[in-house]
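Me: I am new to this structure and would like to go through it step by step. Please look at it with me.

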Number of protein chains: 2
Amino acid sequence: MTHSEENYLKAIFHLSRQGTGTISTNAIAEQMDTKPSSVTDMLKRLSDKDLVNYKRYQGVSLTETGRYSALAIIRKHRLWEVFLVEKLDFTWDEVHEIAEQLEHINSEKLIDRLDALLGHPKFDPHGDPIPGKNGEFKERDKELLSKMPVGGKGVCVGVKDSSATFLKFLDKNQIALGQEIEVLDKEEFDNSMHIRIGEEQLLVSHQIASNLYLKPSEES
Amino acid sequence: MTHSEENYLKAIFHLSRQGTGTISTNAIAEQMDTKPSSVTDMLKRLSDKDLVNYKRYQGVSLTETGRYSALAIIRKHRLWEVFLVEKLDFTWDEVHEIAEQLEHINSEKLIDRLDALLGHPKFDPHGDPIPGKNGEFKERDKELLSKMPVGGKGVCVGVKDSSATFLKFLDKNQIALGQEIEVLDKEEFDNSMHIRIGEEQLLVSHQIASNLYLKPSEES
DNA sequence: ACAAATTTTTAGAATCGCCTAAAAATAATC
DNA sequence: GATTATTTTTAGGCGATTCTAAAAATTTGT
Ligand SMILES: [Mn+2]
Ligand SMILES: [Mn+2]
Ligand SMILES: [Mn+2]
Ligand SMILES: [Mn+2]
């Protein structure tokens with residue numbers, strides 16, 4: 001498989017996991033910052049290789065092999081991200097671009113050994129789950145901060161948007177995975193939220209709140 | 001720069017370091033297992049980018065930038081080889097192919113951090129020197145086993161042929177970097193050599209002897 | 001120095017991945 | 001249900017990289 005094919009599979013996989021049903025050509029084009037006609041070309045190629053189910057005008061979905069391949073690439077991407085943070089002291093906002101390259105390195109043995117070196121991590125630096133060798137993975141129990149009620153508490157376990165700008169903003173405000181966060185109040189006007197992060201207080205916009213995942217604490 | 005361009009630069013660099021003067025189209029084609037016409041095409045492209053000095057029918061050589069780029073790739077290749085052996089327990093016969101992929105990963109920060117993680121190694125698992133950040137590197141003081149006199153002693157510091165078959169042969173006969181080797185006798189008939197490796201004795205063909213580098217011991 | 005052998009380049013074509021512009025199919029609107 | 005609007009595909013083309021076959025330049029051998 002070529003790098004490009006792998007990138008398409010990954011994009012289709014990610015689009016599948018939000019918004020049900022079949023994936024549109026335009027959605028893929030937007031996700032990959034390319035033109036719809038290029039997507040159509042590639043879908044034909046992927047279909048020829050039985051990596052996607054594609055009939056023209058009918059949208060596309062991954063076949064079993066396609067899904068398996070996508071998961072293998074995502075596994076590599078996330079393991080490399082862990083490696084970069086844990087072993088090479090990169091910050092979580094720096095790793096994605098490098099992992100975009102490293103995810104295409106082709107060696108089963110390499111990735112298994114890397115997995116072992118890192119202690120078989122279950123989540124990457126952004127809180128996303130790392131699929132196992134056989135493609136199995138479970139999403140963590142989590143909820144968007146924006147959906148938490150006033151008075152709700154939880155531990156930060158992931159980000160939805162993992163762009164560098166968002167991650168740097170979080171760093172600046174001491175928000176990191178593992179931090180406890182409590183919803184103190186919610187502004188009706190714009191849905192911004194007053195939250196407590198450890199000892200600090202902060203007012204965050206709805207957009208921010210809807211990109212932060214918490215593991216809600218048990219409410220006894 | 002594309003992967004292909006990088007591979008050509010590397011090939012030209014390696015050819016330059018053995019056999020003086022300018023490099024022929026055919027030599028590159030053979031080294032890269034491709035056709036001479038493809039080489040000509042690429043030489044034009046590399047020439048347009050000022051990475052090589054090329055005039056048709058006149059052979060080719062690297063420009064200053066071309067040489068610098070080649071050394072950067074070789075630096076990456078060899079650092080990754082060290083990483084694979086030191087951190088992921090690969091054997092020296094397994095690392096080259098994976099490094100052929102990893103050498104194209106593009107991130108200065110990554111390679112600097114990797115270099116630091118490994119303790120700034122000076123040589124790769126095959127005894128080849130690792131160029132520094134600025135392309136500086138010095139070949140180690142070494143001599144082919146085949147050129148050593150009877151009675152000569154030395155420590156194995158590198159291999160010329162680093163193919164998996166040769167490396168596995170060496171493993172099988174307990175020959176590794178750091179091993180002391182002594183030339184006990186030489187057969188006039190085929191130039192094969194009786195050598196001592198640690199406690200063991202072995203008869204090696206001329207071909208083997210001419211692919212093993214020793215650092216000769218001081219003869220006081 | 002001339003003919004033959006070898007090396008190197010050109011010409012032309014294929015594949016991959018992308019693009020633009022136009023056509024076709026589908027979805028939305030009145 | 002006919003007309004728009006949108007989505008998707010096709011047609012045709014471009015750059016990169018490779019190939020085969022043929023032509024051109026260089027080298028070798030007598
Ligand atoms: Mn990422
Ligand atoms: Mn991630
Ligand atoms: Mn190597
Ligand atoms: Mn090596």
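Me: Are A:Trp80 and A:Phe83 buried or exposed?
Reply: In this predicted model, both A:Trp80 and A:Phe83 are buried.

Me: Where do A:Trp80 and A:Phe83 lie?
Reply: Both are in helix α4 (residues 64-86) of chain A, 3 residues apart, which is about one turn of the helix.

Me: How many aromatic pairs are there over all chains?
Reply: The count comes to 5 aromatic pairs over all chains. One of them is formed by A:Trp80 and A:Phe83, whose rings are edge-to-face, 5.5 Å centre to centre with 85 degrees between the planes.

Me: Which residues form one aromatic cluster?
Reply: The cluster consists of A:Trp80, A:Phe83, B:Trp80 and B:Phe83.

Me: And what about the rings of B:Phe13 and B:Phe137?
Reply: Their centres are 6.5 Å apart and their planes stand at 50 degrees, so the pair is tilted. The pair links distant parts of the chain, 124 residues apart. B:Phe13 is in helix α1 (residues 3-16) of chain B, whereas B:Phe137 is in the loop between α6 (108-117) and β3 (143-144) of chain B.

Me: Why does B:Phe137 count as partly exposed?
Reply: B:Phe137 counts as partly exposed because its relative accessibility is 22%, and buried means under 20%. B:Phe13 is buried, with a relative accessible area of 5%.

Me: Which parts does the pair of B:Glu81 and B:His96 tie together?
Reply: B:Glu81 lies in helix α4 (residues 64-86) of chain B and B:His96 in helix α5 (residues 95-102) of chain B, so the pair ties together parts that are 15 residues apart in sequence. B:Glu81 is buried, with a relative accessible area of 1%, while B:His96 is partly exposed, at 33%.

Me: Which residue coordinates both the manganese ion (ligand 3) and the manganese ion (ligand 4)?
Reply: B:Glu81 coordinates both, and the two ions are 3.4 Å apart.

Me: Now chain A: what coordinates the manganese ion (ligand 2)?
Reply: The manganese ion (ligand 2) is coordinated by A:Glu81 (OE), A:Asp124 (OD) and A:His126 (ND1), at 2.1 to 2.3 Å. In sequence, these donor residues are spaced E-x42-D-x1-H. A:Glu81 also coordinates the manganese ion (ligand 1), which is 3.4 Å from the manganese ion (ligand 2).

Me: Are A:Asp124 and A:His126 buried or exposed?
Reply: A:Asp124 is buried, with a relative accessible area of 4%. A:His126 counts as buried too, at 2% relative accessibility.

Me: Back to rings for a moment. Where does the charged end of A:Lys142 sit?
Reply: The charged end of A:Lys142 sits over the ring of A:Tyr213, 4.0 Å from its centre.

Me: Finally, what domains is chain A divided into?
Reply: Chain A is divided into domain 1 (3-62) and domain 2 (143-216). The C-alpha centres of these domains of chain A lie 33 Å apart.

Key:
Residues are numbered from 1 along each chain as its sequence is written. Chains are lettered from A and ligands numbered from 1 in the order in which they are written. This is a predicted model: local features need pLDDT of at least 70, side-chain atom pairs count only at pLDDT 80 or more; totals for chains, interfaces and linings use all residues. Side-chain values use heavy atoms; hydrogens and water are left out. Donors are N, O and S atoms within 2.8 Å of the metal (3.2 Å for Na, K and Ca); water is not among the atoms, so sites may look incomplete. Helices (H or I, at least four residues) and strands (E, at least two) are DSSP runs, numbered from the N terminus. Buried means under 20% relative accessible area, exposed over 50%, partly exposed in between (1.4 Å probe, protein chains only). Domain bounds come from an automatic or database domain assignment. Rings of Phe, Tyr and Trp (its six-membered ring) pair if their centres lie within 6.5 Å; planes under 30 degrees apart count as stacked, over 60 as edge-to-face and the rest as tilted. A charge sits over a ring if NZ of Lys or CZ of Arg is within 6 Å of the ring centre and within 35 degrees of the ring normal.
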